[in-house]
Amino acid sequence: MMKILIVDDNQSVLNQVQGLLTEHGFDSVTASNGLDGLEKAQVTHFDLFIIDHLMPIMNGLQLAKNLRQNLATTRTPILFMSTQDLSLIEKTTELKLLDALASKPLAEKTFISQIYSLLEQNSQQQSL
């Protein structure tokens with residue numbers, strides 16, 4: 001079963017995303033900030049990271065950088081969520097760390113299709 005880590009400091013977003021993933025048969029774990037997410041990613045294998053942009057302690061871009069620097073997580077896809085204008089994120093140098101962007105509030109059908117697409121790409125890479 002595919003395992004997904006959801007990192008967001010907003011409990012209602014965590015509940016929404018986890019509920020959606022459960023409906024689609026995914027196993028998910030939640031983390032309440034970037035540091036919590038990084039610690040969980042270091043002890044458990046995940047097939048996908050869903051990371052919020054603005055969080056206390058360690059924000060989403062800092063978390064993405066840390067995940068990319070770790071051999072165990074460097075190739076795991078990252079779906080990045082933000083309430084900010086996505087065009088601002090697309091202009092950052094950190095964009096190369098991210099595999100997909102999602103705008104909050106989430107459009108559930110689009111969000112789920114992004115997840116399936118990223119997981120499919122990841123499983124193809126791992127079978128090479």
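Is D8 buried or exposed? D8 is buried, at 0% relative accessibility. Here buried means under 20% relative accessible area, exposed over 50%, and partly exposed in between, with a 1.4 Å probe and protein chains only.

This is a predicted model, in which local features need pLDDT of at least 70, side-chain atom pairs count only at pLDDT 80 or more, and totals for chains, interfaces and linings use all residues. Residues are numbered from 1 along each chain as its sequence is written, and side-chain values use heavy atoms, with hydrogens and water left out.

D8 has a partner. Its side chain meets that of K104 in a salt bridge (2.8 Å, N to O). A salt bridge is a side-chain nitrogen of Lys or Arg within 4 Å of a carboxyl oxygen of Asp or Glu. D8 sits in the loop between β1 and α1, K104 in the loop between β5 (100-103) and α5 (108-126), 96 residues apart. Helices (H or I, at least four residues) and strands (E, at least two) are DSSP runs, numbered from the N terminus. K104 is buried as well, with a relative accessible area of 13%. D52 joins D8 and K104 in a network of salt bridges.

The whole structure has 6 salt bridges. One of them pairs D27 with K3 (3.2 Å, N to O). D27 lies in strand β2 (residues 27-31) and K3 in strand β1, so the bridge ties together parts 24 residues apart in sequence. D27 is partly exposed, at 29% relative accessibility. K3 is partly exposed too, at 22%.

Next comes helix α1, residues 11-23. Its 13 residues reach 18 Å from first C-alpha to last, close to the 18 Å expected at 1.5 Å a residue. That expected span is 1.5 Å times one less than the number of residues. V13, L14, V17, L20 and L21 are buried. Seen down the axis, the buried residues fall within an arc of 135°, so they line one face of α1. The arc is that of the directions from the helix axis to the C-beta atoms. On the other side, T22 and E23 are exposed. G25 follows α1, with a positive phi near 85°.

The largest nonpolar core has 21 residues, and F49, I51, L67 and L98 have the most contacts inside it. Such a core is a set of buried Ala, Val, Leu, Ile, Met, Phe, Trp, Tyr and Cys residues joined through side-chain atoms within 4.5 Å. Helix α3 gives the most to this core, with 4 residues. A second, separate core of 20 residues includes I4, V13, A100 and L106.
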